[in-house]
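Please look at the structure before reading on.

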Amino acid sequence: MRVLIDIGHPAHVHLFKHCIWNLERSGHEVIVTARKKEVTLNLLHAYGLTYYDLGEHYATTLGKASGMIKRNYKLYRIAKKFVPNILVGVHDPYIAQVGKLLRKPSITFTDTEHVRLSSKLTFPFTNVICTPACFKERLNPQKHVRYNGYHELAYLHPKYFAPDDTVLAGMGLSRNDQFIILRFISWGASHDVHLMGIDKGSALEFIKSLERYGRVFITSERKLSTELEQYRLAVPPEQMLSLLYYADLYIGEGGTMAAEAAILGTPAIHIESTSKGIATGNFSGNFLELRDTYDLLCFYPDQKHALEKAMSILEDTNSKKKWQQKREKLLEDKIDVTAWMTDFIERYPESFIGYKQQQQSKGTN
């Protein structure tokens with residue numbers, strides 16, 4: 001089998017890397033295409049994954065429109081030459097549209113609800129949409145398949161992930177030091193329009209409140225002011241997950257990193273709201289499940305309540321141990337997502353038919 005996998009975000013490198021290696025070990029030919037968003041290409045290099053570069057990530061609406069045409073053309077040329085049996089991506093209009101043009105099936109993975117523009121450009125063209133079982137949005141039942149896991153478990157399950165404590169020494173830390181990871185995003189993605197996070201101009205005051213409990217490190221998609229630059233993390237991107245594992249708290253605007261922290265057993269707080277002041281976590285199936293079923297994640301529409309929760313967590317010296325215990329419950333409940341993905345791709349379309357029959361017999365879609 002010949003498989004083309006498109007990577008549009010650093011988290012997608014983690015999501016697919018073990019699946020790619022599984023497919024290659026089974027004798028399948030896999031090629032990767034990727035875009036220059038944040039540390040995506042650095043991660044591909046770090047894991048020895050060769051790729052075709054589809055160009056820059058565009059931040060403006062006009063740039064995204066012209067970029068989409070350019071990327072579709074590049075991807076079409078690559079795919080036409082490679083002749084894949086199947087194309088795979090994450091909420092990815094490029095693989096869906098190019099697959100349709102080439103009359104080749106595409107599989108779309110997603111865990112983010114109500115991404116209207118991207119969904120309109122992707123879902124009508126793709127053959128299958130795979131989501132976590134907790135996904136809240138109603139999708140076309142003829143295409144939708146659910147699995148009992150999260151994207152992050154494809155790379156954070158203990159079968160695939162073991163933290164590397166050498167990252168601590170590189171940061172001048174020991175296992176006994178308390179530290180906090182603070183995340184800022186760029187707000188440049190299409191699904192970030194009209195959303196809000198930490199108030200502009202308040203970051204330094206926010207950090208000073210957290211510093212009472214330990215060192216604060218910033219990971220940021222956007223440019224930082226001079227006064228904040230001193231807090232920026234300086235670790236290779238492939239070591240970020242280990243640092244997140246050892247952190248005493250994650251707090252910030254990044255949804256993916258919040259979920260990663262929670263699944264790693266690190267107390268996690270997400271700060272993001274709609275223009276109406278509603279926490280966006282209320283519209284996200286995986287966030288609701290991580291909060292309500294496993295008590296691993298908190299989310300708030302404003303930094304005031306988020307900071308109050310952060311302080312209560314940091315003041316409890318047993319918080320980290322409690323979160324690790326809650327993580328064990330989650331791991332007992334969930335599947336090996338990488339194994340599921342590998343099997344689904346390898347056996348497609350038989351896998352799709354089988355899962356749809358199972359879901360129909362259970363009365364789900």
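## Pairing of β1 and β4

Strand β1 (residues 2-7) pairs with strand β4 (residues 86-90) in the parallel sense, over three bridges. L4 has L87 in β4 as its bridge partner. Strands are DSSP runs of E with at least two residues, numbered from the N terminus, and two strands pair if DSSP finds at least two bridges between them.

The model is predicted: local features need pLDDT of at least 70 and side-chain atom pairs pLDDT 80 or more, while totals for chains, interfaces and linings use all residues. Residues are numbered from 1 along each chain as its sequence is written, and side-chain values use heavy atoms, without hydrogens and water.

## The sheet

Seven strands form an open sheet with parallel pairing, in the order β3-β2-β1-β4-β5-β6-β7. β3 (52-56) and β7 (144-147) are the edge strands; each has a single partner strand, so one side of each lacks a neighbour in the sheet.

## Aromatic contacts

There are twelve aromatic pairs in the structure. Rings of Phe, Tyr and Trp (its six-membered ring) pair if their centres lie within 6.5 Å; planes under 30 degrees apart are stacked, over 60 edge-to-face, and the rest tilted. Y348 and F352 form a tilted pair, 6.4 Å centre to centre with 45° between the planes.

Is Y348 buried or exposed? Y348 is buried, at 16% relative accessibility, and F352 is buried at 13%. Buried means under 20% relative accessible area, exposed over 50%, and partly exposed in between (1.4 Å probe, protein chains only). One aromatic cluster is formed by Y147, W340, F344, Y348, F352 and Y355.

Methods:
Helix = DSSP H or I, 4+ residues; strand = E, 2+ residues; numbered from the N terminus.
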